[in-house]
Amino acid sequence: MADVSIKTGKENMDVTVIHRFLSEDSYWARGISYEWVDHSLANSFCVGVFADGQQVAFGRVITDYYTFGWFADFFVLPAHRGKGISKMILSFILEQPWSLRLRRKMLGTLDAHELYRQFQFQDLADPGRIMEIYNPNAHLEVGE
């Protein structure tokens with residue numbers, strides 16, 4: 001594998017790469033504006049994987065760093081899949097001291113259940129207690 005490194009912090013992310021993937025290739029944020037992506041990264045714990053200096057993967061956690069974390073926008077660019085990069089990002093985040101103390105870690109996924117189960121994510125323990133306001137197209141309907 002190429003020279004691979006993990007970086008954290010929005011200031012170290014290639015927002016253009018992240019925006020392109022989310023707006024063009026993701027099933028969950030297709031059409032999202034650059035501004036929405038940029039602002040969302042500013043309020044998250046961002047992790048990127050870089051191969052030979054180029055960003056090839058990304059994930060973020062929206063968190064208070066003490067009780068709760070929502071894992072969001074995880075992806076690996078197609079040319080770099082199957083090399084353990086997803087597991088590298090998840091392991092890195094889950095080993096952070098603040099992540100160890102979180103009482104609840106959550107995420108949503110269409111097709112990566114088995115990956116996340118390897119990291120102790122499970123179906124909701126009591127779905128009857130979880131409620132939501134779900135507007136998956138807010139990024140297309142609401143202004144900045």
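**Entry 1: F45 and W98**

I looked up burial for this pair in the predicted model, and F45 and W98 are both buried (buried means under 20% relative accessible area, exposed over 50%, partly exposed in between, with a 1.4 Å probe and protein chains only). My notes number residues from 1 along each chain as its sequence is written. As this is a predicted model, local features need pLDDT of at least 70 and side-chain atom pairs count only at pLDDT 80 or more, while totals for chains, interfaces and linings use all residues; side-chain values use heavy atoms, with hydrogens and water left out.

**Entry 2: aromatic pairs**

I found 10 aromatic pairs in the structure (rings of Phe, Tyr and Trp, the last by its six-membered ring, pair if their centres lie within 6.5 Å; planes under 30 degrees apart count as stacked, over 60 as edge-to-face and the rest as tilted). One of them is F45 with W98, edge-to-face at 4.9 Å centre to centre and 70° between the planes. This pair links distant parts of the chain, with F45 in strand β2 (residues 45-51) and W98 in helix α4 (residues 97-100), 53 residues apart. Helices (H or I, at least four residues) and strands (E, at least two) are DSSP runs, numbered from the N terminus.

Next I checked F71 and F121, also an edge-to-face pair, at 5.3 Å centre to centre with 80° between the planes. F71 lies in strand β4 (residues 68-76) and F121 in the loop between α5 (113-117) and α6 (138-141), so the pair ties together parts 50 residues apart in sequence. F71 counts as buried because its relative accessibility is 2%, and F121 is buried at 13%.

I also noted a cluster: ring pairs link F21, Y27, W28, F58 and F75.

**Entry 3: salt bridges**

My search of the whole structure gave 7 salt bridges (a side-chain nitrogen of Lys or Arg within 4 Å of a carboxyl oxygen of Asp or Glu). One of them joins D73 and R60 at 2.7 Å, N to O. It links distant parts of the chain, D73 in strand β4 and R60 in strand β3 (residues 54-63), 13 residues apart. Are these two buried or exposed? I find both D73 and R60 buried.

E24 and R20 also meet in a salt bridge, at 3.5 Å, N to O. They are 4 residues apart in helix α1 (residues 15-25), so about one helical turn separates them. E24 is partly exposed at 45% relative accessible area, and R20 counts as partly exposed at 32%.

Last, R117 bridges to D123, with the closest N and O atoms 3.2 Å apart. R117 counts as partly exposed at 36%, whereas D123 counts as exposed at 56%.
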